[in-house]
Amino acid sequence: MSLFIHLDMNNFYASVECQLNPSLRDKPVAVAGSPEKRHGVVLAKNEIAKKFGVKTGDTVLEAEAKAPGIVFVPPHFDIYDKISKKMFGICNRYTCFVEPFGPDECWLDCTETVHLFGSGEDIANGLRASIKEELELTASAGVSFTKMFAKLGSDIKKPDATTVITRENYKEKVWGLAVGDLCGVGNKTAEKLKKLNILTIGDLARADERVLKKLLGKPGVDLRRIARGEEEGQVREAVCSRDVKSVSHGLTALRDLVTREDGVTLIGYLSELVAARLKKYSFKASGIYLGIRYSDLTRYGKQLALPSPICSSSDISDSAIALFDEIWNGQPLRSIDVGTFALSSAAQPVQLSMFDGTSKTESREKLDEIIAGLRMRYGKNAVIRASQMNEDIYTDKDVGDFLPFKR
Ligand SMILES: [Mg+2]
């Protein structure tokens, strides 16, 4: 069963402003575009302003009428952006599938990694604790088996709370909510549904599919599936999203990859690039990701959390090849991505596992170092791994430097 978490920072802009200026904390505060010109609009408000009834989208004048003495501050988007990146970085400790939904919300797909951290609720609480400790902000989280139920969950209890929606309790937790609470149901759609007496998410779930199709077209059918917990929304590959805390490299091959050996060759090469970058920035990775794209451009990806952190190219390629063997269906491939996530400082002491053969890991890291040294002295092609002799697959002429966190 899938496991999704939706994380939503509480009153994000206003909370950041109160953090920047603690004297605002016990006052009603709104972040507003051009408050000095009276026609500015409220972009965000803190909990106190909310209690006065101030809403996002109110004009400055309206907000002032509702909450006398409200303090307006202009937005600082550059600061919000920095904090938002940190938040996505915290999420990447648990999975590389992190899909931002605006600057202060995201989904995590923890299906593959949940067993390492206990339960979905444990991950959600861990995320919130780290956000509180490191960013001094609060967030709400929803945990569920579909993306949209996870999103609803993060709204059910806030601020600073986790809500778990399971196959056993979703009718009780979700079906009583207004249909307009569902992501994708705007005012217009809600109005149309109201005419059919569909007011709650439960009403939508129990409605006749054909009637919904007639009323709203295919989106009506999709919404009904969402309400029934039958939707199959995926979290987009975060290795491809912006500024997440992962080090990865992908390449489109010079020709289609048709044999396993072709795939292994490119993975070996990409793993070396990833290892070199991890080394450069002194990181080890506890998670590995492999993405493949077929020649018909469909994509597949799989990730794996590792029992102990790795950084050598052989360890990276071994794990990536294991994933490759699991997901490749034998059809021609156009490109491959190898990524690492859940990064920690290489200087950090590693907890030794009884089974992981640390001496092998160490000797592999040593080998990487020797190869890097030889290449430094005698040129890049002084040493080529036997598995990488197949150079019609890639050229390495334009491999630039890549910063971690960027892609
Ligand atoms: Mg929010």
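## Ground rules

Two strands count as paired if DSSP finds at least two bridges between them. Strands themselves are DSSP runs of E with at least two residues, helices are runs of H or I with at least four, and both are numbered from the N terminus.

What you have here is a predicted model, where local features need pLDDT of at least 70, side-chain atom pairs count only at pLDDT 80 or more, and totals for chains, interfaces and linings use all residues. Residue numbers start from 1 along each chain, following the sequence as written.

Let's start with strand S2 (residues 29-32). Three bridges tie S2 to strand S4 (residues 71-73), and these two run parallel; Val29 has Val71 as its bridge partner in S4. Three bridges also link S2 to strand S3 (residues 42-45), this time antiparallel, with Ala44 of S3 as the bridge partner of Val31. As background, strands of a sheet pair through backbone hydrogen bonds, either parallel or antiparallel.

Put together, that gives an open sheet of three strands in the order S3-S2-S4, with mixed pairing. S3 and S4 sit at the edges with a single partner strand each, so one side of each has no neighbour in the sheet. On average, neighbouring strands of this sheet are turned by 30 degrees against each other, direction ignored.

Which way do the side chains of S2 go? Val29 and Val31 point one way, Ala30 and Ala32 point the other way, and all are buried. Buried means 20 or more other C-beta atoms within 10 Å of the residue's own, exposed means 12 or fewer, and partly exposed is in between, with C-beta atoms placed from the backbone.

Back to the sheet of three strands, order S3-S2-S4: helix H1 (residues 12-20) packs on it, touching S2, S3 and S4, and the direction of H1 makes about 110 degrees with that of S2. Contact here means C-beta atoms, placed from the backbone, within 7 Å. Axes are lines fitted to C-alpha atoms (for helices, over the stretch in contact), and angles run from 0 to 180 degrees between N-to-C directions.

Most residues other than glycine have a negative phi, and most peptide bonds are trans. Lys158 and Pro159, though, are joined by a cis peptide bond, with omega about 0 degrees. Pro159 lies in the loop between helix H7 (147-156) and strand S8 (162-165).

Asn197 isn't a glycine, yet its phi is positive, about 65 degrees. Asn197 is in the loop between helix H9 (187-195) and helix H10 (201-206), and counts as exposed with 8 C-beta neighbours inside 10 Å. Leu297 also has a positive phi, near 75 degrees. You'll find Leu297 in the loop between strand S10 (283-294) and strand S11 (299-310), exposed, with 8 other C-beta atoms within 10 Å.

Conventions. Two residues are in contact if their C-beta atoms, placed from the backbone, lie within 7 Å.
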